[in-house]
Amino acid sequence: MAKTVLMQGNEACVEGAIAAGMRFYAGYPITPSTEIAEVSAVRLPKVGGKFIQMEDEIASIACAIGASVAGVKSMTATSGPGFSLKQENLGYACLAEVPLVVVDVQRSGPSTGLPTSPSQGDVMMAKWGTHGDHPIIAIAPSSVKECYTLAVRCFNLAEKYRTPVIFLMDEIIGHLREGIEIPENVEVINRPTVENPHPKRPAYAPTDNLIPAMAPFGEGQRYNITGLLHDESGFPTNDTKIAGDLVTRLMKKIENNYDDIVEVEETHMEDAEVAVFCFGGTARAASSAVETARKKGIKCGMFRPITIWPFADKELKEAMKNVKKIVVAEHNWGQLVNEVRRVVGNDKIIEFVGKIDGTVITPDEILAKIEKED
Amino acid sequence: MSQMEIRLAGSGGQGIILATVILAEAAVIAGKHTAQSQSYGPEARGGACKAEVIVSDEEIGFTKVRTPSFLMALTQKSLDKYSANLPADCLVLIDDTLTAPDSIKNNKVVKLPILHTAAEKVGKLMTANIVAVAAINGLLNIVDDESLKTAVFMHIPKGTEALNQKALEEGLSLIKKGENI
Amino acid sequence: MVDMTNVSKNTMNTADIIYKYMRPEHLPHIWCPGCGNGIILRAIAQAMENAKIDRNKTVLVSGIGCSSRAAGYIDCNSLHTTHGRAIAFATGIKMAHPELEVIVITGDGDSSAIGGNHLIHAARRNIGLTVVVMNNNIYGMTGGQYSPTTPHLEYGTTAPYGNIDQPFDIAELAMGAGATFAARGAVYHSALLAKTIEKGIRHKGFSIIDVASLCPTYYGRKNKKGSAVDMMRYQKDNTVMVEKAKTMTEEELNGKIVIGVLRDKEAPEYSEEYAKLVEKVKGGNK
């Protein structure tokens with residue numbers, strides 16, 4: 001059995017990424033994600049990988065995309081202010097179908113905000129921060145162990161679907177230290193590629209599952225990558241039919257694989273009349289609150305989306321069928337709560353617990369809403 | 001022990017965060033569940049900083065200290081800042097140079113010469129955090145001495161083993177002597 | 001005047017260049033009649049031929065603007081990125097696979113305004129990229145706004161009363177940031193330009209070739225520079241080789257475009273230095 005070691009969330013994220021095959025990291029220092037850069041700088045050269053500290057956040061994601069098109073699994077990490085800056089090239093990676101993991105260790109905002117305080121205020125930015133319609137996958141860990149295991153999952157999804165995946169961490173988990181058992185083996189998925197490619201093979205012709213297979217730059221398939229809408233050869237087009245088909249394929253390649261991508265955790269939901277909806281670091285307060293409620297005889301459960309985007313519509317609807325009240329707890333003014341409302345409709349009572357002052361939502365605050373007579 | 005909620009406070013640069021990391025490391029070595037976190041302002045040195053560690057026999061949900069079972073403070077500023085609203089059964093350890101504020105008049109307060117011991121007996125003030133973890137473990141019996149020593153040695157620079165061994169011994173002896181307890 | 005005796009050799013005819021290096025299915029290019037960018041494109045292809053680089057192992061990276069379309073016209077690995085970011089993308093490619101030849105094609109706005117930070121830091125690192133700047137002194141793609149290289153008091157659609165900004169000298173900027181190879185070219189001297197770009201490709205480390213292009217459609221029209229032919233003639237009359245420039249006074253050089261290699265020195269290349277670091281770290285791990 002693997003040994004349990006004490007590890008910080010940010011460090012576990014790097015170890016998971018390396019286990020998944022990350023061999024390139026480009027970043028810029030920013031609290032509270034800096035340890036991800038620091039640990040990458042130490043660890044990557046030891047496993048034959050590469051680390052570079054770029055001149056800014058935009059350059060960091062651009063550099064990581066560059067490494068990825070050359071065939072190397074790459075990652076960049078940041079926090080809110082830097083995530084704002086990365087949006088430009090996040091959209092590029094979506095459209096150009098470049099596998100990439102972007103970590104956002106959320107902190108209090110807006111703007112420079114409270115750099116060392118927790119927040120979950122970037123949930124909607126993760127989905128809509130970059131302009132235009134685009135698909136996105138975002139995943140939120142709620143323990144140090146998950147920083148490791150879900151970092152692996154982020155890479156696997158990025159590779160499988162040739163798309164950027166956002167690892168939506170938060171300060172609570174990023175700076176938390178816990179004991180974790182490092183898995184001895186993890187499943188590693190590599191991007192669809194082409195052996196002995198013909199120089200003129202259309203790189204963006206989708207193969208299985210609407211996902212294109214293309215060789216990394218330098219292996220003989222001399223293709224073009226662009227941030228303009230393009231045809232299957234990868235060249236820009238103004239043909240509206242081709243443009244529309246491309247964006248549709250990008251959306252469908254994620255939508256069609258919803259079941260593979262969406263993951264949730266349900267606790268005590270079998271007989272629950274009250275459910276707490278939470279994700280990421282907030283789940284720790286919620287789990288304590290739910291356990292206390294159960295001890296008090298309240299039929300209370302917990303629903304935690306691990307995949308934030310795409311939103312777990314199907315699972316949430318099913319899980320909440322017999323629930324009368326949903327307590328939504330998130331460290332923001334109310335972001336995912338509106339998704340919950342959209343999915344469950346108006347016949348459930350929805351209580352919201354939010355925080356925007358940089359303090360942590362406590363179990364007591366959630367418990368009060370669980371116990372509140374409606 | 002079911003769950004211990006430990007809060008350490010001091011000034012940036014005293015190694016308060018490291019002290020909680022060492023306690024957490026020791027807890028992992030001893031096979032316990034633990035959650036360590038910290039809160040701090042923009043100062044790397046000075047200011048008042050707080051670090052927490054929860055040690056439990058069971059899985060830990062909420063990772064922050066809610067009802068501290070133990071508080072240690074090494075500076076007056078951090079003691080005044082972080083000693084408000086402590087539960088009555090919270091044990092408080094303060095450096096003997098500090099004055100206990102009214103807010104903890106109902107708590108059991110232990111005063112120990114942690115800073116003095118580090119500076120004079122060990123010979124380096126910067127070992128105060130190691131003196132402290134030994135004293136804390138002596139008071140609370142969180143882990144066995146060997147686990148604590150292993151944890152300390154995992155987190156100190158090479159070449160400082162003898163110094164830190166001395167700090168551990170001096171820290172523990174503060175409890176064994178039973179002065180002021 | 002410019003001495004051409006050593007530069008007219010090693011020049012393929014246009015048809016051969018097109019069929020060997022271009023993607024004919026994507027031609028004709030989008031540039032206006034009289035634009036200098038096509039001449040620079042050809043010079044890059046000629047330089048690739050002369051430097052004998054493997055197209056499968058060559059990546060052309062571009063940003064946004066008129067210049068950016070150049071990358072796609074040449075048949076190699078081509079990455080058309082976001083505005084100003086080409087050098088940052090290229091840095092990732094070079095770091096990931098140092099054996100790849102990475103050439104950045106950029107413009108004056110792309111490289112020195114929105115991408116200025118990436119330019120100076122790549123120069124500082126001395127990473128092995130070759131940066132070719134299609135410098136036309138204007139934002140052409142968006143219709144003629146003044147750029148960081150639009151001369152003082154000249155006009156653009158956003159400088160309707162004359163440009164009060166002082167311009168950048170991009171080659172000087174890169175040298176100030178530590179570029180180990182810096183050169184300036186002009187489209188009138190196209191054979192010399194190909195030779196200069198070839199030197200840039202062969203240089204180990206960061207190289208930049210700031211090329212005076214021509215934009216008759218916007219810059220020329222806004223500033224009453226006459227036809228494309230007039231602008232070309234102006235370039236012919238006002239370019240001075242760097243060797244000759246050294247003998248001229250500041251007054252004589254006023255308004256002249258000094259072309260040729262401005263700096264060529266050896267220094268450790270970044271991706272090689274990182275490879276050494278990896279070896280050292282791995283060695284220390286044993």
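I count two residues as in contact if their C-beta atoms, placed from the backbone, lie within 7 Å. The model I am reading is predicted.

**Entry 1. Domains of chain A**

I looked up the division of chain A and found domain 1 (4-181), domain 2 (208-258) and domain 3 (265-371). Taken over C-alpha atoms, the centres of domain 1 and domain 2 of chain A lie 24 Å apart. Across this boundary, 15 residues of domain 1 of chain A are in contact with 13 residues of domain 2 of chain A. On the side of domain 1 that touches domain 2, helix α4 (residues 80-96) of chain A supplies the largest share, 4 residues. I sorted that side of domain 1 by class and noted 9 nonpolar, 3 polar and 3 charged residues.

**Entry 2. Chain A as a whole**

I recorded 13 helices and 16 strands in chain A. Its radius of gyration is 21 Å, close to the 21 Å that the globule rule gives for 374 residues, so chain A is as compact as a globular protein of that length. Along the principal axes, the C-alpha atoms of chain A fill a box of roughly 70 × 45 × 45 Å. I noted that 59% of the 374 residues of chain A count as buried. Of the contacts in chain A with a separation of 6 or more, 76% are between residues 24 or more positions apart.

**Entry 3. A:Ala329**

Is A:Ala329 buried or exposed? The cut-off for a buried residue is 20 or more other C-beta atoms within 10 Å of its own. A:Ala329 has 27 C-beta neighbours inside 10 Å and therefore counts as buried.

I listed its contacts, leaving aside neighbours within four places in sequence. A:Ala329 touches A:Val276, A:Cys278, A:Thr282, A:Ala285, A:Ala286, A:Val353, A:Ile361 and A:Ile366. I also checked A:Ala329 against A:Ala151: the two are 178 residues apart in sequence, and their C-alpha atoms are 24 Å apart in space.

**Entry 4. Contacts between chains**

I went through the pairs of chains and found 2 in contact, of which chains A and C share the most contacts. Chains B and C do not touch, and their nearest C-alpha atoms are 16 Å apart.

I then examined chain B against chain A, where the contact takes 17 residues from chain B and 18 residues from chain A. On the side of chain B that touches chain A, the elements giving two or more residues are α1 (16-29) and β2 (33-39) of chain B. Of the elements there, β2(B) gives the most, with 7 residues. By class, I recorded 6 nonpolar, 8 polar and 3 charged residues on this side of chain B.

Strand β9 (residues 177-181) of chain A pairs with β2(B) in the antiparallel sense over 2 bridges. In this pairing I found A:Glu178 opposite B:Ala35 in β2(B).

**Entry 5. Chain C**

I recorded 13 helices and 10 strands in chain C. The radius of gyration of chain C is 19 Å, close to the 19 Å that the globule rule gives for 286 residues, so chain C is as compact as a globular protein of that length. Its C-alpha atoms fill a box of roughly 70 × 40 × 40 Å along the principal axes. Of the 286 residues of chain C, 53% count as buried. Among contacts in chain C between residues at least 6 apart in sequence, I noted that 68% join residues at least 24 apart.

I followed strand β10 (residues 257-264) of chain C to its partners. Strand β7 (residues 181-186) of chain C runs antiparallel to β10(C), and 4 bridges join them. There C:Ala183 stands opposite C:Val261. Strand β9 (residues 239-241) of chain C pairs with β10(C) in the parallel sense over 3 bridges, and C:Val240 stands opposite C:Val258.

**Entry 6. The largest nonpolar core**

Which residues of the largest nonpolar core touch the most other members? Of its 262 residues, they are A:Phe167, A:Val276, C:Ile93 and C:Val132. A:Val276 is also one of the contacts of A:Ala329.

I looked up C:Ile93 in detail, not counting residues up to four places away in sequence. In chain A, C:Ile93 touches A:Gly66, A:Ala67, A:Val69, A:Ala70 and A:Phe217. In chain C, C:Ile93 touches C:Val59, C:Val61, C:Leu100 and C:Val102.

Technical notes:
Residues are numbered from 1 along each chain as its sequence is written. Chains are lettered from A and ligands numbered from 1 in the order in which they are written. This is a predicted model: local features need pLDDT of at least 70, side-chain atom pairs count only at pLDDT 80 or more; totals for chains, interfaces and linings use all residues. A residue is buried if 20 or more other C-beta atoms lie within 10 Å of its own, exposed if 12 or fewer, and partly exposed in between; C-beta atoms are placed from the backbone. Ala, Val, Leu, Ile, Met, Phe, Trp, Tyr, Cys and Pro count as nonpolar, Asp, Glu, Lys and Arg as charged, and the others, Gly among them, as polar. Two strands pair if DSSP finds at least two bridges between them. Domain bounds come from an automatic or database domain assignment. The radius of gyration is taken over C-alpha atoms; the globule rule is 2.2 Å times the number of residues to the power 0.38. A nonpolar core is a set of buried Ala, Val, Leu, Ile, Met, Phe, Trp, Tyr and Cys residues joined through C-beta atoms within 7 Å.
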